[in-house]
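This briefing is for a reader who is new to the structure shown below. Please look over the sequence and the model before reading on.

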Amino acid sequence: MTIPAALLARLAAATRWTVLTGAGVSQESGVPTFRDAQTGLWARYRVEELATPEAFRQQPRLVWEWYAWRRELVAAAKPNPAHVALAQLEARVPHFRLVTQNVDGLHQRAGSRRVIELHGNITRTKCFAEDVPVATWPETGEVPPRCPRCGGPLRPDVVWFGELLPPAELEEAWQASTTCEVFLSVGTSTVVYPAAALPSEALRSGATVVEVNPTPTPFTDQAHYVLAGPAGVVLPELLARLWT
Ligand code: OAD
């Protein structure tokens, strides 16, 4: 992996980094990305057909079980060298912000302490009716389980299509993207807004923008630098070149 000397110099001098991650950063942990073919039982469904409030209203059991399947997948997954490298970056860079679209919690499991989760977290559950977190509920065997307070159905605490992103996280991500010196866009197809606007916002704000992705995206042509490889190879290489 050749990393341009000019980029290394820029990164070494920068004290304010923001990194945006997508499903590609968990791909090497065995967690399927969204726009690659889905494996197994769910191959016949499109994410857009399952991850919506309408789908949940119409088929609550199916949607709950799809997320239960993804929760098991994620629980069995391990953070990969990309997640570890990002946790190490957080420890080394004075002002480091990690913004993720992922809901798998692997950044936290790799040691990242501050993670801005734009799309929620699959390991958290909330009441569909009250929209408040629910940590425990009586196991009655009913699927989906019911809110112990209001009796409404429980749902995963993730952002579904057509839903607003959590305002505090979105504002923090916006700030992090418009005040950084360097912005890394890692493992995202850059097609789902508003997250997909963050790399362009960083560019507009004068940051040096780097895309880390083995495949071109709609943003590739705008990036100052493109490191075309898997995040689990590129990010550890980047750290090795900067700090050894
Ligand atoms: P996608 O599945 O759309 O894109 C994954 C990206 O990761 C692609 O650009 C791949 O080329 C790249 N990729 C694959 N393997 C990689 C690797 N080893 N290292 C680096 N990159 C790799 O996933 P996202 O961009 O995260 O939203 O999707 C954005 C949002 O769309 C998700 O958060 C989710 C989805 O619908 C909601 O559910 C609201």
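The points below go from the whole chain to the sheet, the other strands and the cores.

The model is predicted: local features need pLDDT of at least 70, side-chain atom pairs count only at pLDDT 80 or more, and totals for chains, interfaces and linings use all residues. Residues are numbered from 1 along each chain as its sequence is written, and side-chain values use heavy atoms, with hydrogens and water left out.

**Whole chain**

- The protein chain has 10 helices and eight strands; helices (H or I, at least four residues) and strands (E, at least two) are DSSP runs numbered from the N terminus.
- Its radius of gyration, taken over C-alpha atoms, is 19 Å, close to the 18 Å that the globule rule gives for 244 residues, so the chain is as compact as a globular protein of that length. The globule rule is 2.2 Å times the number of residues to the power 0.38.
- Along its principal axes, the C-alpha trace spans about 60 × 35 × 30 Å.
- Of the 244 residues, 48% count as buried, where buried means under 20% relative accessible area, exposed over 50% and partly exposed in between (1.4 Å probe, protein chains only).
- Among contacts (heavy atoms within 4.5 Å) between residues at least 6 apart in sequence, 66% join residues at least 24 apart.

**The six-stranded sheet**

- Six strands form an open sheet in the order β3-β2-β1-β6-β7-β8, with parallel pairing; two strands pair if DSSP finds at least two bridges between them.
- β3 (115-117) and β8 (225-227) are at the edges with a single partner strand each, so one side of each has no neighbour in the sheet.
- From one strand to the next, the twist averages 20°.
- β1 (residues 16-21) and β6 (residues 182-186) pair in the parallel sense over five bridges, and L20 stands opposite S185 in β6.
- Five bridges also join β6 to β7 in parallel, with S185 opposite E211 in β7.
- Five of the five residues of β7 are buried, so this strand is largely enclosed by the rest of the structure. T208, V210 and V212 point one way from β7, while V209 and E211 point the other way.
- Helix α6 (residues 81-92) lies across β1 and β2 (95-100), at about 150° to β2. Such angles run from 0 to 180 degrees between N-to-C directions, and axes are lines fitted to C-alpha atoms, for helices over the stretch in contact.

**Strands β4 and β5**

- β4 (residues 120-127) and β5 run antiparallel and are joined by four bridges, with C127 opposite L154 in β5.
- Five of the five residues of β5 (residues 154-158) are buried, so β5 is largely enclosed by the rest of the structure.

**Nonpolar cores**

- A nonpolar core is a set of buried Ala, Val, Leu, Ile, Met, Phe, Trp, Tyr and Cys residues joined through side-chain atoms within 4.5 Å.
- In the largest core, of 28 residues, W17, L184, L235 and L238 touch the most other members.
- Elements that each supply at least two residues of this core include α1 (5-13), β7 (208-212) and α10 (231-243); the largest share, six residues, comes from α10.
- Another core, of 15 residues, lies apart from it, with C180, A195, A202 and A207 among its members.
- Leaving aside neighbours within four places in sequence, W17 has contacts that include L89, F96, L184 and W243.
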